[in-house]
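Here are my notes on the model, as numbered points.

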Amino acid sequence: MSFDIVVIGAGPAGLCFVRSLAGSGLRIALVERQEAAALVAPADDGREIAITHHSQRLIRELALWGRLREEEIGTLRDAMVLDGDDRDGLMFRHDEAGKPQLGWLLPNHAIRRAAYAEVMTLPEVERITGARVGSIRTGVDGAEVGLDNGGTLRAQLVVAADSRFSETRRAMGIAAGMHDFGKTMLVLRMQHDVPHEQVAWEWFGVGQTLALLPLHDPHTSSVVLTLRPQAMQALLALDDAALEAAMAERFQQRLGTMRVAGPRCAYPLVGVYAKRFVAERFALIGDAAVGMHPVTAHGFNFGLLGQATLARELRAASNVGRPIWSPALLQRYEREHRLATRPLYLATQMLAGLYTDDRRPARVLRKLALGAGARLGPFKRLVMSGLTADGGGVPAPLRLLRRGSA
Ligand SMILES: Cc1cc2nc3c(=O)[nH]c(=O)nc-3n(C[C@H](O)[C@H](O)[C@H](O)COP(=O)(O)OP(=O)(O)OC[C@H]3O[C@@H](n4cnc5c(N)ncnc54)[C@H](O)[C@@H]3O)c2cc1C
């Protein structure tokens, strides 16, 4: 079978990319190893995705927003960063950003469900589910993707969105810088007595990092806990009552009684940055290109940004009959997405290292950093403009960081 583009991976990035090309006239094959039923009604994976104003605009443009249920949309009004036993942390307030809220929280499985429902309406897309990509070959004459069910797909261009551990990236000989933080992150929906007031918390403690993500219901949040794998195993072995007591204690009873209200989902923390995003007739998007540590909540935001950049280039080429696989086009995508993501990727690695290091110098340094942040208006404005900027292209803080590093 022949197509213009083969997209590998129907995760949020692959699905949004396919939806972005709707009506472009390009014929697309979308290959996913999961069965169709798992894409129509994805399992709850516990992840609540914090999205920026720019991402919300893209999600609306892709017609996904209208497919989300009211109770799935959480308001991220303000955010608070706490260190150790601090009672008052560094606050990031929506009114200082001149916006009604800093961002939104959406369940990852709801984003996947909405995106797949949209893709199902597109006649130009052939959905090949329950099939795993086993081989890939690209050359001057075209690209070929081999499936484990024996099928072969031919295309002008292959776009891989097959996760941060992308097998296709490896098969194409593209190296990636990987950093294993040696920590496990638990995400768990919990109900609590004290209302969250739509404020997200990031709380750096000794031996643990906690976060609280406010959901639609004022007494329900997604609780995020980062621990060493052994400590996490012990916690996951507890029954619900013991886990609830343990979490209330970790939150120093600040939320009152806490009750489990969702599945326990644990993720190993590994950051990944591909050395190249493109090769001959080939491009990486989503986590396969940039797999962020979740602490700065930017993985999917970058995934959305990157797919939009590539889709815009492909549409422009297709409209005027230029080749969609031209090296110049692919390099423009690579350049723009690298500039948009690299500074925050590096800053996130540094931040994650500093805030999960319990040795004394790191503890002193982060106290100083938070104290300085609280006093410095420009620092806070910089962080907030990244969340609330709704223009396209490179977020404002990254432009400033780039200028600074230059
Ligand atoms: C705990 C946690 C919290 C997070 N919070 C945030 C947040 O607040 N904000 C934010 O922006 N981001 C956040 N993220 C990041 C976000 O979840 C990811 O960036 C996003 O899900 C990546 O989407 P993707 O489509 O690139 O990859 P994936 O979701 O990994 O999808 C890849 C798809 O490819 C398929 N696949 C893989 N290999 C093959 C193959 N060989 N053949 C066929 N199919 C294949 C897989 O089955 C899968 O469906 C968080 C991540 C975690 C773990």
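1. A salt bridge here is a side-chain nitrogen of Lys or Arg within 4 Å of a carboxyl oxygen of Asp or Glu. Keep in mind that this is a predicted model. Asp 240 and Arg 264 meet the criterion, with their closest N and O atoms 2.8 Å apart. The two residues sit in distant parts of the chain, 24 residues apart. Asp 240 belongs to helix α7 (residues 240-250). Arg 264 is in the loop between β16 (258-260) and β17 (265-274). Asp 240 is partly exposed, at 39% relative accessibility. Arg 264 is also partly exposed, at 27%.

2. How many salt bridges does the structure hold? The count is 19. As background, side chains of opposite charge can pair when their charged atoms come close.

3. Glu 118 and Arg 19 form another salt bridge, with an N to O distance of 2.7 Å. Glu 118 is in helix α4 (residues 108-119) and Arg 19 is in helix α1 (residues 12-20), so this pair ties together parts that lie 99 residues apart in sequence. The cut-off for buried is under 20%.

4. Glu 313 and Arg 332 pair through their side chains at 3.0 Å, N to O. Here the link runs from helix α8 (residues 299-319), which holds Glu 313, to helix α9 (residues 327-355), which holds Arg 332. The partners are 19 residues apart in sequence. Glu 313 is buried, with a relative accessible area of 11%. Arg 332 is partly exposed, at 33%. This pair is part of a network: salt bridges with shared partners join Arg 312, Glu 313, Arg 332 and Glu 336.

5. Now the ligand. Which residues come nearest to it? Of the 30 residues around the ligand, these are Glu 32, Arg 47, Ala 50, Asp 287 and Phe 300. By class, the shell divides into 13 nonpolar, eight polar and nine charged residues. Helix α1, strand β3 (48-51), strand β12 (176-192) and helix α8 each supply at least two residues of that shell.

6. A polar side-chain atom of Arg 47 is 2.7 Å from a ligand oxygen. Arg 47 is also one of the residues that come nearest to the ligand. In the side chain of Gln 34, an N or O atom lies 3.2 Å from an oxygen atom of the ligand. Val 133 uses its backbone instead: a polar atom there is 3.1 Å from a ligand nitrogen. How much of the ligand does the protein bury? Taken alone, the ligand exposes 1,000 Å², and the protein buries 93% of that.

7. Last, the cysteines. A disulfide is a covalent bond between the sulfur atoms of two cysteines. Cys 16 is buried, at 1% relative accessibility. Cys 265 is buried as well, at 12%.

Conventions. Residues numbered from 1 in each chain as written. Predicted model: local features only at pLDDT ≥ 70, side-chain atom pairs only at ≥ 80, totals over all residues. Heavy atoms only, no water. Helix = DSSP H or I, 4+ residues; strand = E, 2+ residues; numbered from the N terminus. Buried < 20%, exposed > 50% of the residue type's maximum accessible area, 1.4 Å probe, protein only. Near = heavy atom within 4 Å. Polar contact = N/O pair within 3.5 Å; in protein donor to acceptor, adjacent residues only side chain to side chain. Areas by Shrake-Rupley, 256 points an atom, 1.4 Å probe, with all protein chains shown as cover. Nonpolar A, V, L, I, M, F, W, Y, C, P; charged D, E, K, R; others polar.
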